[in-house]
Amino acid sequence: QVQLVESGGGLVQAGDSLRLSCVRSGRSGYNMGWFRQAPGKEREFLAGITWTGISTYYADFLKGRFTISRANAKNTVYLQMNSLKPEDTAVYYCAATPHWPPYEADYWGQGTQVTVSS
């Protein structure tokens with residue numbers, strides 16, 4: 001079993017930056033991913049990182065605004081989000097998966113709300 005807890009969400013203004021964190025406990029060795037779900041929309045994939053941290057993978061629409069990283073010594077995965085836009089408003093989830101790219105996940109966190117005001 002894997003447990004994931006996200007943090008770092010909040011209310012920010014357009015153009016601001018925010019860093020989300022996801023702390024993993026339980027089994028290790030998983031690739032990790034970040035997803036989000038806006039009201040009335042399906043959950044969408046944002047970024048993924050391999051267990052080793054060597055490889056990353058991003059959704060094309062992000063255009064370099066978000067960066068995923070991990071600190072295995074801290075059992076933590078991060079999502080650095082820059083130049084935030086109102087359309088980035090959503091609940092953000094981290095996930096653990098054996099798949100690559102990590103479009104599907106075996107374990108999910110509870111989510112953290114990000115709200116971007118214009």
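## A four-stranded sheet

Let's start with the sheet: four strands line up in the order β1-β3-β8-β7, forming an open sheet with antiparallel pairing. At its edges stand β1 (2-7) and β7 (66-71); each has a single partner strand, so one side of each is left without a neighbour in the sheet. From one strand to the next, the twist averages 20 degrees. Please keep in mind as you look around that this is a predicted model.

If sheets are new to you, here is some background. Strands of a sheet pair through backbone hydrogen bonds, and the pairing can be either parallel or antiparallel.

## Where β3 meets β8

Within the order β1-β3-β8-β7, β3 and β8 sit side by side. Strand β3 covers residues 18-26 and strand β8 covers residues 76-81, and the two pair in the antiparallel sense over six bridges. To find one of these contacts for yourself, look for V23: its bridge partner in β8 is T76.

How many salt bridges does the structure hold? There are three.

Begin with E44, which forms a salt bridge with R36; their closest N and O atoms are 2.6 Å apart. E44 is partly exposed, its relative accessible area being 29%. R36, on the other hand, counts as buried, at 7% relative accessibility.

The next step leads from R36 to D88, whose side chains meet in a salt bridge with an N to O distance of 2.9 Å. R36 lies in strand β4 (residues 31-37), while D88 lies in the loop between β8 and β9 (90-97), so this pair ties together parts that are 52 residues apart in sequence.

Is D88 buried or exposed? With 1% relative accessibility, D88 counts as buried. The side chain of D88 also meets that of R65 in a salt bridge, at 2.8 Å from N to O. Here the link runs from loop to loop: D88 is in the loop between β8 and β9, and R65 is in the loop between β6 (56-58) and β7, so the pair ties together parts that are 23 residues apart in sequence. R65 counts as buried too, at 14% relative accessibility.

Notes:
Residues are numbered from 1 along each chain as its sequence is written. This is a predicted model: local features need pLDDT of at least 70, side-chain atom pairs count only at pLDDT 80 or more; totals for chains, interfaces and linings use all residues. Side-chain values use heavy atoms; hydrogens and water are left out. Two strands pair if DSSP finds at least two bridges between them. Axes are lines fitted to C-alpha atoms, for helices over the stretch in contact, and angles run from 0 to 180 degrees between N-to-C directions. A salt bridge is a side-chain nitrogen of Lys or Arg within 4 Å of a carboxyl oxygen of Asp or Glu. Buried means under 20% relative accessible area, exposed over 50%, partly exposed in between (1.4 Å probe, protein chains only).
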